[in-house]
Amino acid sequence: MSIKFSLNKLIPAVAVALAAFSAGTIATAAEDMPPLPKHDWGFKGPFGTYDRAAAQRGFQIYKEVCSACHSLELLSYRDLEGLGLTANQVKGIAAEFQVSDIGDDGSAIERPARPSDHFKKPFPNELAAAAANGGKAPPDLSVIVKAREGGPDYVYGILTGYVPYDKLTPEQIKEFNVKKDDNFNLHFPGHRIAMPQPLEDGKVTYVDGTKNTLQQEASDVVEFLSWASEPHLEARNRTGVRVILFLLAMAGLMYAVKRAVWADAH
Amino acid sequence: MASSHGAPPVFNNKVVAWIDHRLPIFSYMEKEYHTFPTPRNFNYFWNFGAIATVMLVLMIVTGIVLATNYQPNADLAFASVERIMRDVPSGWLLRYMHMTGASFFFAAVYIHIFRGLYYGSYKAPRELLWMLGVVILLLMMATAFMGYVLPWGQMSFWGATVITNLFSAIPVVGESIVTWLWGGFAVGNPTLNRFFALHYLLPFIIVGVVALHVVALHVHGSNNPLGIDPKGPQDTVPFHPYYTMKDGFGVMIFLIIYAAFTFFAPNALGDVNNYIQANPLVTPNEIVPEWYLLPFYAILRAIPDKLGGVICMFGSILLLLVLPWLDTSRVRSCTFRPIYKWFVFVLVIDVLVLGYCGAHPPEGWYVPAARLATTYYFFHFLILLPVLGKIERPLPLPSSIADAVLKKKAV
């Protein structure tokens with residue numbers, strides 16, 4: 001009831017306290033919002049990986065739908081090789097876009113994009129993006145999954161959370177001051193969102209024959225955007241497993257050494 | 001080169017002996033890290049000094065490599081951090097080690113401070129040792145705050161705005177000081193530049209103060225869970241290999257938890273808003289610091305007056321400088337302080353409550369909770385500690401460390 005007493009009780013206590021701490025900082029601002037739809041993402045957890053086929057379909061959606069307004073400026077076309085595309089396919093995709101450059105004689109030119117170019121932005125600058133979108137520039141999507149509370153579930157929730165005006169209850173219309181032209185989204189803070197519903201059943205035609213429901217499209221584009229936010233996740237997980245196995249072995253070794261050294265001192 | 005307690009070491013290697021005769025680094029290592037007599041009864045709380053040292057080195061090494069790839073320019077900083085994450089080989093590893101490392105450095109140091117509080121490590125003759133530790137904590141907070149600004153996310157920018165604005169509470173010269181800190185009339189590129197320079201400088205000052213901390217430690221040696229001084233060789237063991245190996249084991253366990261966060265949940269301790277590039281025109285709903293600064297942030301916001309809040313926040317840490325004189329009990333270890341022992345735990349809960357309040361907007365019941373917890377924090381140090389030392393009757397101290405260790409074995 002002296003030294004050991006405090007030690008044995010304290011370490012779990014400190015651990016619990018730290019956990020409570022981190023939970024406290026994470027779980028903020030979710031009052032009176034419906035819970036986000038739970039989706040079983042394959043990239044969650046220490047052994048998570050991206051579904052390449054889903055992410056490639058997601059890229060198709062980004063290219064055909066989202067990229068009309070949203071930039072993805074932290075990514076280069078060559079990054080798409082991480083999704084399983086070949087160097088030649090990437091070259092082809094990049095060449096579909098014309099980018100500004102300076103020619104050999106110093107004059108401004110337009111040339112086809114190369115794999116090393118960053119994704120072409122839909123607007124030349126933020127002011128132009130804001131002017132074309134009712135005063136507020138659509139956010140860049142490069143790290144959107146990491147930049148929102150709830151991560152992939154939130155983005156999926158937004159994409160599938162639109163409710164048409166005539167399906168709203170009178171209480172919702174009154175409480176959130178919804179007008180006929182407003183876009184109502186269950187998961188957007190304040191519910192009135194500037195972005196009109198971007199995806200719906202049959203919005204894109206998948207080349208691999210996957211059924212193009214709204215849920216499928218949303219899930220695919222979230223898979224793509226999650227990869228875009230954290231392209232090294234798989235390497236990180238793999239390295240992490242090895243590092244922890246090494247540290248466990250090293251800890252075991254150190255414990256044995258420590259026991260042996262202390263054997264004569266006790 | 002073997003030597004027992006006290007005798008100067010003899011080096012068989014001629015080169016080593018030649019160097020040591022002129023610059024006694026080998027004798028120093030031998031004396032301070034090999035034969036150094038260390039109380040034999042440490043528990044695992046005594047690992048956290050070594051753990052904090054490992055984290056400091058890890059932060060400096062990863063930080064220097066990050067700095068070679070980072071752009072301290074308001075237009076480029078955010079993208080340059082993402083470039084490190086995406087395009088620099090193993091850049092994601094360096095960045096996440098550094099980011100998570102800050103949290104774990106603070107966790108180790110907070111446990112180290114708790115150890116000092118519970119076992120009375122701050123009492124005579126270790127007052128200066130403790131005070132140097134408080135200086136390290138302050139330097140760490142400044143370094144961490146400026147480091148958090150560097151990715152130039154929303155929370156970087158607005159955190160910098162809130163914290164630098166605190167100095168405007170100083171009467172008369174406050175506004176001028178804030179302009180001087182910013183290098184302009186708002187947080188901007190000059191602010192980022194100087195924060196980067198200082199974020200690179202301060203860790204080396206921390207290393208210097210840590211060196212003084214260790215020198216001061218080695219004058220009278222470590223405290224121990226019984227809080228009584230070793231009376232002879234039967235009470236101590238040589239630092240190496242006994243504590244080098246025990247510290248090695250503790251460090252490994254700590255690194256396992258650190259690695260789990262670094263590799264599997266690197267963003268769990270951070271704020272999602274810092275993945276949005278700084279925008280001076282859009283204020284985030286809530287401006288909160290990282291978890292390790294939350295209790296002090298709660299104290300700041302608990303006081304209804306700005307200047308009062310600033311004074312209380314800095315005061316809550318500066319108070320620790322005079323802790324050795326606020327504690328009037330002559331017994332060091334809480335093992336023998338039947339009443340105060342519980343109040344140390346109450347203080348820990350109080351700080352956790354403050355942290356919890358600091359993470360939430362100052363409205364509803366968080367306001368009275370933060371005020372109550374702030375009041376208790378100062379009550380603990382300024383009233384409870386001095387008074388309790390006078391009225392508490394400590395348990396009888398064992399006659400020696402060896403005595404106590406052997407008695408426990410017999411039971």
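Strands here, like helices, are DSSP runs numbered from the N terminus (E, at least two residues, for strands; H or I, at least four, for helices).

A word on the source. This is a predicted model, in which local features need pLDDT of at least 70 and side-chain atom pairs count only at pLDDT 80 or more, while totals for chains, interfaces and linings use all residues. Residues are numbered from 1 along each chain as its sequence is written, and chains are lettered from A and ligands numbered from 1 in the order in which they are written.

Is β2(A) buried or in the open? Of its five residues, 108–112, zero are buried, so the strand lies largely in the open. Buried means 20 or more other C-beta atoms within 10 Å of the residue's own; exposed means 12 or fewer, partly exposed is in between, and C-beta atoms are placed from the backbone.

Chain A as a whole has eight helices and five strands, in the order α-α-α-β-β-α-α-β-α-β-β-α-α from the N terminus. Of its 266 residues, 28% are buried.

Next, the contact between the chains. Chain A puts in 39 residues and chain B 43, where contact means C-beta atoms, placed from the backbone, within 7 Å. On the chain A side, the elements giving two or more residues are α1 (3–26) and α8 (233–262). The most comes from α8(A), with 16 residues.

Last, the cores. A nonpolar core is a set of buried Ala, Val, Leu, Ile, Met, Phe, Trp, Tyr and Cys residues joined through C-beta atoms within 7 Å. The largest has 82 residues, and those touching the most other members include Ile51(B), Ala52(B) and Phe105(B). Helix α5 of chain B, residues 91–118, gives the most to this core, with 15 residues. Leaving aside residues up to four places away in sequence, Ala52(B) touches Phe105(B), Ala108(B), Val109(B) and His112(B). Apart from this core lies another, of 37 residues, with Cys66(A), Leu75(A), Ala113(A) and Ala218(A) among them.

Methods. Two residues are in contact if their C-beta atoms, placed from the backbone, lie within 7 Å.
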